[in-house]
Amino acid sequence: MSHIPYESLSGHLKDQRILLVGGAGFIGHNLALDLANLGATVGICDNLMVNSLIENCYEPGRAQVQRTAYQNFLLDRFLLLRQVGVELMNSDARLLADLGRVFERFQPTKVVHMAAIASAVDAKAEPGLCFDLQLITLRNVLELVRPKVKEINQVMFMSSSTVYGDFEGDSVDETTFPRPEGIYANAKFMGERLVRTYRTQYGLGTTVVRPSALYGERCISRRVSQVFIENALTGKPLLLEGGGDGKLDFTYIKDLTQGMVRALALHKGHDDSSTFNLTFGNARTIADLAAVVKSVVPDAILEERPRAKDKPIRGTLSIERAREKLGFEPEWTLESGFKQYCEWYVDQWRRAQQQTEAN
Ligand SMILES: NC(=O)c1ccc[n+]([C@@H]2O[C@H](COP(=O)([O-])OP(=O)(O)OC[C@H]3O[C@@H](n4cnc5c(N)ncnc54)[C@H](O)[C@@H]3O)[C@@H](O)[C@H]2O)c1
């Protein structure tokens, strides 16, 4: 596909009403801002139960500076969303009647499903909740879209790179057969299959997105990218298991949302059903990640640890399909994107320290 300029996507989006279920989270609010800036009408349905202000207040063992920083991140999300006119509907997508009222009120033409416990480790600790937040909410979305396939032209499902399980080679593409392990990855795989079943049996237009190892502004999920910069700022070591040779396809949130915007804008309607890896497309080591942190915080302490036995084996997710069909072109390497994020984090940490001292 010849390159489609990002700004030109506005023409495809300005008449769309896009509902983000679980949209107040890290990915959702960043996507909402991009879509609204391109002229789409965006609504968020979120019950604010995961990674929320309340959780942040009560999370045991969180230091005051950390609590203040996360509170700023969360409040900034809502201020930014309000500035661009995104509608926030506080509703629990596990309840069909609640979600039904949101559909009735917002009248979406596209729905993006993102509600989940967005961490395989947390999901393992609460498998029942993982099941409900990922699959009961998805069931309700699909059941509400089913009688409205004429009005709602696309359901996008946020899956995960974890559906691939342990990588056998250096990279996987969308034709690689998934071998998910654990409750989180299996619930994602079941979600994908449900979405495809509703497409073949009821004619829904669908898109499945598989992201990987995201980092970026206002995330409070405490993935390794956030833990490393925070440890560097608080004098704690950055732990490198097996010397840090484990690889992940680290992806800046701006690259992911560019790809999602393209997949929403260029979707061709009810006959269109695709699965896309949307990542940077080149796995890097944990040691590379640590090196970027050290370039921003020179005092950072790097400490080697033995490798955990059950560590998943990951690598690159090929993005050739998204390149070809969507004109997707990620722009941010670790040395540019992650560095920019670390510098932002340093500023935010300082801001939180000053607020904490003032109180
Ligand atoms: N962040 C990543 O690196 C990553 C990678 C792969 C896949 N994903 C997937 O992308 C999606 C979004 O991830 P994220 O990082 O933004 O997570 P997040 O925790 O920041 O956001 C998830 C949002 O879903 C909301 N939610 C949960 N249950 C709900 C319910 N019953 N009703 C309404 N809202 C509900 C939460 O309150 C939260 O705001 C998830 O499905 C996640 O599994 C994320």
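Which ring does the charged end of Arg-146 sit over? The ring belongs to Tyr-202, and the charged end of Arg-146 lies 5.2 Å from its centre. Keep in mind that this is a predicted model. Below is a quick tour of a helix pair, the aromatic rings and a few individual residues.

**Helices α7 and α8**

- Helix α7 covers residues 127-145 and helix α8 covers residues 182-202; their axes come within 10 Å and cross at roughly 10°.
- Angles under 35 degrees count as roughly parallel, so α7 and α8 get that label.
- On the α7 side, the contact is made by Pro-127, Cys-130, Gln-134, Leu-135, Leu-138, Leu-142 and Glu-143.
- Helix α8 brings Ile-183, Tyr-184, Ala-187, Lys-188, Met-190, Gly-191, Leu-194, Val-195 and Tyr-198 to that contact.
- Sort the residues of this contact by class and you get 12 nonpolar, two polar and two charged.

**Aromatic pairs**

- The count of aromatic pairs comes to 14.
- Take Phe-73 and Trp-344: their ring centres are 4.9 Å apart and their planes sit at 35°, so this pair is tilted.
- That pair ties together distant parts of the chain, with Phe-73 in helix α4 (residues 64-83) and Trp-344 in helix α13 (residues 334-358), 271 residues apart.
- Both partners are tucked away: Phe-73 is buried at a relative accessible area of 0%, and Trp-344 counts as buried at 17%.
- Why does Trp-344 count as buried? The cut-off for buried is under 20% relative accessible area, and Trp-344 has 17%.
- Trp-344 also pairs with Tyr-345, with ring centres 6.0 Å apart and planes at 75°, so that pair is edge-to-face.
- Tyr-345 is buried too, at 1% relative accessibility.
- Zooming out, ring pairs link Tyr-70, Phe-73, Tyr-215, Tyr-252, Trp-332, Phe-338, Tyr-341, Trp-344, Tyr-345 and Trp-349 into a cluster.

**Charges over rings**

- Arg-17 has its charged end over the ring of Phe-106, 4.5 Å from the ring centre.

- Asn-56 has its place in helix α3 (residues 53-58), and with 1% relative accessibility it counts as buried.
- Setting aside neighbours within four places in sequence, Asn-56 is in contact with Arg-62, Arg-67, Tyr-70, Gln-71 and Leu-74.
- One of those contacts, Tyr-70, is also a member of the ring cluster.
- Tyr-164 turns up in the loop between β5 (154-158) and β6 (171-172).
- What does Tyr-164 touch beyond its neighbours within four places in sequence? The list is Val-172, Asp-173, Glu-174, Thr-176, Pro-178, Arg-179, Arg-210, Asn-277 and Leu-317.
- Tyr-164 and Arg-314 are 150 residues apart along the chain, yet 8.8 Å separates their C-alpha atoms.

**An exposed residue, Lys-150**

- Lys-150 sits in the loop between α7 and β5.
- Is Lys-150 buried or exposed? Its relative accessible area is 78%, so Lys-150 is exposed.
- Lys-150 and Thr-137 are 13 residues apart along the chain, and their C-alpha atoms are separated by 22 Å.

Notes
Residues are numbered from 1 along each chain as its sequence is written. This is a predicted model: local features need pLDDT of at least 70, side-chain atom pairs count only at pLDDT 80 or more; totals for chains, interfaces and linings use all residues. Side-chain values use heavy atoms; hydrogens and water are left out. Axes are lines fitted to C-alpha atoms, for helices over the stretch in contact, and angles run from 0 to 180 degrees between N-to-C directions. Helices (H or I, at least four residues) and strands (E, at least two) are DSSP runs, numbered from the N terminus. Angles under 35 degrees count as roughly parallel, over 145 as roughly antiparallel, 65 to 115 as roughly perpendicular and the rest as oblique. Contact means heavy atoms within 4.5 Å. Ala, Val, Leu, Ile, Met, Phe, Trp, Tyr, Cys and Pro count as nonpolar, Asp, Glu, Lys and Arg as charged, and the others, Gly among them, as polar. Rings of Phe, Tyr and Trp (its six-membered ring) pair if their centres lie within 6.5 Å; planes under 30 degrees apart count as stacked, over 60 as edge-to-face and the rest as tilted. Buried means under 20% relative accessible area, exposed over 50%, partly exposed in between (1.4 Å probe, protein chains only). A charge sits over a ring if NZ of Lys or CZ of Arg is within 6 Å of the ring centre and within 35 degrees of the ring normal.
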